[in-house]
Amino acid sequence: MKFDQDTIDEINILIQFDLSNTEQGIKIHHDAPSTAIAAAQRLFNKKLIDQVDGGYLTSIGRTSAEHAQSLSSLLSSS
């Protein structure tokens, strides 16, 4: 199964979270690319983030971000 572009966009949002600081969220601004805005909306709908424009990771969102960041790290290593 291949990742579709929507899933890739969601992963790109998840890897932006700083997992070492649970008190730091992210903000997707209104002038961000429409793909990022839509991805954040989908993550919010899936209850992975607590605000439609980013905010903080939920418990399941943190787990998802950990997996996304691990995958990103593995794929980008030489």
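The model is predicted: local features need pLDDT of at least 70, side-chain atom pairs count only at pLDDT 80 or more, and totals for chains, interfaces and linings use all residues. Residues are numbered from 1 along each chain as its sequence is written, and side-chain values use heavy atoms, without hydrogens or water.

The chain holds 3 helices and 3 strands (DSSP runs: H or I of at least four residues for helices, E of at least two for strands, numbered from the N terminus). Their order from the N terminus is α-β-α-β-β-α. The radius of gyration, taken over C-alpha atoms, is 12 Å; this agrees with the value near 12 Å for a compact globule of 78 residues. That rule is 2.2 Å times the number of residues to the power 0.38.

| Property of the chain | Value |
|---|---|
| Box of C-alpha atoms, along the principal axes | roughly 35 × 30 × 20 Å |
| Accessible surface (Shrake-Rupley, 1.4 Å probe) | about 5400 Å² |
| Carbon and sulfur part of that surface | 54% |
| Buried residues (under 20% relative accessible area, 1.4 Å probe, protein chains only) | 24% of 78 |

Contacts are heavy atoms within 4.5 Å. Of those with a separation of 6 or more, 56% join residues 24 or more positions apart.

Aspartate 9 lies in helix H1 (residues 5–14). Aspartate 9 is buried but has no salt bridge (a side-chain nitrogen of Lys or Arg within 4 Å of a carboxyl oxygen of Asp or Glu). The nearest side chain of opposite charge is arginine 42, 4.5 Å away. Beyond its neighbours within four places in sequence, aspartate 9 contacts Thr35, Ala39 and Arg42.

Technical notes
Buried means under 20% relative accessible area, exposed over 50%, partly exposed in between (1.4 Å probe, protein chains only). Lys and Arg count as positive and Asp and Glu as negative; His and the chain ends are not counted.
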